[in-house]
Amino acid sequence: MSEHEPKEIVFFGKITAGMTHEMKNVLAIVRESAGLMEDLIQLDPSSAGSPHAGRMLVVLKTIDEQVNRGVELTSRLNRFAHHADRAIQSFDVNDLMQNLIALTQRFARLKNVTLAMVPGPEPIMIESRAVLLQMVLFVVIEAGLEALQPGAGIEIHPRLQADVCDIRLHFRDKTADPATIAATVLDTASEKMLGSLLSRLGGSADTDGGSESLVIHLPRRVHPPGAFSPDR
Amino acid sequence: MLLVDDEEDFVSALAERLHLRGIDARIATDGEAALEAMEIFLPQVVVLDVMMPGLGGAEVLKRIKAMHPELPVILLTGHGSIREGAAGLTHGADGYLVKPIDIEELIDKMRGALSGD
Amino acid sequence: MSSSILWVRVHPVTASRKNGIKALVNFSKVWKWLTSGFLLHYDKIGAADRYPYLRRNIILLMLAVTLIPLTFMAVINSHQYHSSLKTEIINPLYTLANKTKHSFELYLEERLSTVRFIASAYAYTELSDEKTLNRILRVMKTELGGFVDLGLIDNQAHMVSYAGPYELLGKTYSQQSWYHEARLRGTYISDVFMGYRKFPHIAIAVQQFTKEDLGWILRATIDTGKFESLIAAMGLDPASDAFLVNREGIFQTSSKYYGKVLERCPFSAPLGNYGTSVVEATDPQGREMLLVFARLAQHDFSLVIVTPRSVILRSWYTLKSEMFFIYFISVGLIVLVTLKLSGNLVRNIREADEKRELAFRELEHTQKLSSIGRLAAGVAHEINNPLAIINEEAGLMKDLVGYGADFPQKEKFLGLINTILKSVDRCKTITHRLLGFARRMEVQFEPLCLNDVIQEVLGFLEKEALYKNVQIRLALAEDLPQISSDRGQLHQVFLNVLTNAIASIEASGFIVITTWQEDDQTQGVSIQDNGCGMSEETLRHIFEPFFTTKHGYGTGLGLPITYGIISKLGGDIKVRSKPGEGTTFTIFVPTKPKTG
């Protein structure tokens, strides 16, 4: 049973999804065009060996690689956009984290911070609000980027323990102690309404008793709003 | 085979590449044109884009299957999710590819469809 | 009225330290509980029950805090007042009784000493002379007053000399107890008795001895008229009564209400009292009376003042009823105000809570949007990188093909390269649109005039319109009032629609832009062109994302984005079109932001 997501988000999801489809169409054009040129060069006996031909093949290969890159990005964005359609859904946390990291890689790169994920051994299927969870992680990552120095790194470890999914964020920074950074990040993120977002996921965040990481705890199933909230 | 997609640059380049590989591919840039073309010459395989204006890909698929149930149809989609592909298959498609496609993969799928996989 | 005492159970503090500490711990726990404001915390209660719960607790608390002290005070005050009132009324009575008692004592003492003086000053023989006795009586009557007769009784108890109105000469008193008492005691004052002629009298007898040591008694009778006037001099109010009684409770003076002289007094004196005391009793008519008993010193008379309690307590009753009145009105007022106030308060709290919750959700929503927007924008930027590389490489290809030797496929290659370059441009447009859209996820309201906004947009399109020979006709409402809306978004909307309008015009044509005030809440803008128009089929799909009639260029995003913006602003957009004739877009913009 899904909740009614505000229409702007649904709308945005649709727009973005459409955009990614379009991009894929365009990328398909580029691939086929470059591919055709490749074929023609290779099939033409006269030009096959010439240096120009060699150069051109290299160029075309590069183009194809970039097309791949574009495809990857648009796929991720596409999946993100589709998640905006429905609020509560089933998904694999590993996939979601992967997706998110790909999407936020740019922000990390700008600050010269490495962002990586260590996936769990098995898929971690939970029933929750995908977009909201990504937002939560995004808020924490942003707060982390603020607190870290260039050259630092963020590692995300999602794990499943009984009925709780724990997402552990470890902050590595040569200039500071991980536990302190974890605490600072938690504070900054809390100012950005981490608490209220997490409460809608039925989860919580803490520094796990000074274990040098920030942990986000999530129930395997989130329930639609209950008696407390004014939602009727 | 018949290639149906509203992006002309795409289909024409693809058709040419297939020619270079010895495959006779004709193109149509919309559903109606495709159905008309099929009355003139019957392809062995149809490669169909699902997102087209006018007569949409789904409708064309239905009609083709109505007229030629044995004719293999491969769908081209911009969706990356398994769900959409599976949905396509339940409607009678014989395979699907995600855009942008790998030409070798297309040829494989086509061969597979023709040999009755 | 007996006072009630509040008994408070006090736990005895035991000698054991352990118990003492336990008690302290418990006490502090209770104290914490009391002061925690538990009654007013409603976090753990569901929304539906929360506010009635809060209201009920507020009412209970307020009523408790106001009514308990009020009642307490009222009770204490009335109690205090009652007792002090009694004292205030009783004290004067006390004083009066004492004063009057003294007057009685004085009176009797005076008479007694006079008789004693006479008995001492005159010899037995002198007093035996009736003429002398008469003269003495006359003097006593004129100088002192109150004396009725004077008699001399010899040691045989015979009246041997007499001055007075009665026929007592020769009477013998040996049988009378007073005689013996007088002989024994030396002096004697009798109780009131009905003398001859039925007037109440008191007899005073004094013993003396002759030279021969023979005892003789001088006896005088006084009337009790003075008693009456002494009582009258007390000045009591009409409802009160005062009289003299003897030890047996026989009236010595007439009571106003309770009996005549020598009748029995219905009230019994308090036992064992030798001073003045106050007693409450019920009279024969059943009224509650206050009695002041003042015992005379040298004689067993008691002065009794009888006052109805109601007289004393009259002012108490007035106060009591006044107090009740005030108390109940206060209680009523307090309850009324408490109920009303708590209702208002709780309602306000509820509204504030709901507003806050709403604002919170809006904020969360906005945050969400801006997060999504930022993410999407990030990706869009990211995608530009591979696109840029493709662009570069394609450019390089172009150069290689161009500068290389003429090879057969040159034209074809150049065509394909151009296709690639065009595609990259297309992507760029898409990402630009997405970025713009993402940026615009948040609406910022400011006061603006629609006419101005349109003019600004026309400024952007001037060149294009001129180039395509499109005439722009303006029918903008004069003095169109300002509205509150998002300038940037409105720019985008009009830009999109006008761009479409211009694009739909093939060679030359015109566009008419009209603005008007639709109603209090809305303003309208219509953009009409005489371009190629749209079919019904097309009309049905124009707001769908990526629906476009322009293949190869045009993203199909313009109108859906426009629609999205307008609906976000709380407005509406309508299209009318006829193929070959033209299209009219009508946009309704709300004058004030619509929330939610």
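How many of the five residues of strand 4 (residues 73–77) of chain B are buried? The legends below take up this strand and its surroundings in a predicted model.

**View 1. Strand 4 of chain B is mostly covered.** Five of its five residues are buried. Both faces are covered. B:V73, B:L75 and B:T77 lie on one side. B:I74 and B:L76 lie on the other. In a regular strand, side chains alternate between the two faces of the sheet.

**View 2. Strand 4 of chain B pairs with strand 3 (residues 46–49) of chain B.** The pairing is parallel and runs over four bridges. B:L48 has B:L75 as its bridge partner in strand 4.

View 3. In strand 5, B:L97 is the bridge partner of B:L76.

**View 4. Helix 1 (residues 8–20) of chain B is mostly covered.** Of its 13 residues, 10 are buried. Among them are B:F10, B:V11, B:L14 and B:L18. B:D9, B:E16 and B:R17 are buried as well. From first C-alpha to last, the helix reaches 18 Å, close to the 18 Å expected at 1.5 Å a residue. Just after helix 1, B:G22 takes a positive phi of about 85°.

**View 5. Chain B as a whole has five helices and five strands.** Along the sequence they follow the pattern β-α-β-α-β-α-β-α-β-α. Of the 117 residues of chain B, 51% count as buried.

Note on methods. Residues numbered from 1 in each chain as written. Chains lettered and ligands numbered in written order. Predicted model: local features only at pLDDT ≥ 70, side-chain atom pairs only at ≥ 80, totals over all residues. Helix = DSSP H or I, 4+ residues; strand = E, 2+ residues; numbered from the N terminus. Buried ≥ 20, exposed ≤ 12 C-beta atoms within 10 Å, placed from the backbone. Expected span 1.5 Å × (residues − 1). Pairing = 2+ DSSP bridges.
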